[in-house]
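Trainee: I would like to learn how to read the features of a structure. Please take me through one.

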Amino acid sequence: MYSIGMALTLRPGAYAEYKKAHDDLWPEIAASMADNDVSMAIYRFGENLIIHGVAPTEADWDTSREAPILEKWFEYICGYTWFIFYSY
């Protein structure tokens, strides 16, 4: 099992829109995750977010990250967060 974690901070007042974005996850992203058996959990502590992602292998994770739509998704989500930390 491959596991990865990320830490982010929400921009002030951005939680509702951030949550809505994930509740309405773009179909191409959901498909890429499903095709590669990737799952993610997001934990919120005030304005801080911890994201934990898992996949069967690092190759599965990497393949899921190759979806062309991800660049657009990251640009969209960055409107709601500040990136802090990425760990393998």
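Mentor: Start with Ala21, which counts as buried because its relative accessibility is 5%. Buried means under 20% relative accessible area, exposed over 50%, and partly exposed in between (1.4 Å probe, protein chains only). This is a predicted model, in which local features need pLDDT of at least 70 and side-chain atom pairs count only at pLDDT 80 or more, while totals for chains, interfaces and linings use all residues. Residues are numbered from 1 along each chain as its sequence is written, and side-chain values use heavy atoms, with hydrogens and water left out.

Trainee: In which helix is Ala21 found, and with which residues is it in contact?

Mentor: Ala21 is found in helix H1; helices (H or I, at least four residues) and strands (E, at least two) are DSSP runs, numbered from the N terminus. Contact means heavy atoms within 4.5 Å. Leaving aside neighbours within four places in sequence, Ala21 is in contact with Trp73, Tyr76 and Ile77. Ala21 and Trp73 are 52 residues apart in sequence, and their C-alpha atoms are 9.6 Å apart in space.

Trainee: How do I read a nonpolar core, and how many residues has the largest one?

Mentor: In soluble globular proteins, nonpolar side chains tend to be buried together. A nonpolar core is a set of buried Ala, Val, Leu, Ile, Met, Phe, Trp, Tyr and Cys residues joined through side-chain atoms within 4.5 Å. The largest one here has 21 residues, and Tyr18, Ile29, Trp61, Trp73 and Ile77 have the most contacts inside it. Two or more residues come from each of strand E1 (2-10), helix H1 (15-23), helix H2 (27-35), strand E3 (48-55) and helix H4 (69-77). E1 gives the most, with five residues.

Trainee: Which residues does Ile29 touch?

Mentor: Not counting residues up to four places away in sequence, Ile29 touches Ile69, Leu70 and Trp73.

Trainee: What does the side chain of Ser32 reach?

Mentor: A polar contact is a pair of N or O atoms within 3.5 Å; within protein, one must be able to donate a hydrogen and the other to accept it, and residues adjacent in sequence count only if both atoms are side-chain atoms. Ser32, found in helix H2, reaches the backbone oxygen of Ser64 with its side chain at 2.9 Å. Ser32 counts as buried because its relative accessibility is 11%.

Trainee: How many salt bridges does a search of the whole structure find?

Mentor: A salt bridge is a side-chain nitrogen of Lys or Arg within 4 Å of a carboxyl oxygen of Asp or Glu. The search finds three. Asp23 pairs with Lys19, with the closest N and O atoms 2.8 Å apart. Asp24 and Lys20 meet at 2.8 Å, N to O, and Glu47 and Arg44 at 3.8 Å, N to O.

Trainee: Why are Asp23 and Lys19 separated by about one helical turn?

Mentor: Because they are four residues apart in helix H1. Asp23 is exposed, with a relative accessible area of 52%, whereas Lys19 is partly exposed at 36%.

Trainee: Which residues make a nonpolar surface patch?

Mentor: Patches are made of residues with over 30% relative accessible area and no salt bridge; like charges are joined within 9 Å and nonpolar side chains (Val, Leu, Ile, Met, Phe, Trp, Tyr) within 5 Å. Accessible areas come from the Shrake-Rupley method with a 1.4 Å probe, and for residues only the protein chains shown count as cover. Tyr43, Phe45 and Ile50 make a nonpolar patch of about 320 Å². Phe45 is found in strand E2 (residues 39-45) and counts as exposed, at 54% relative accessibility.
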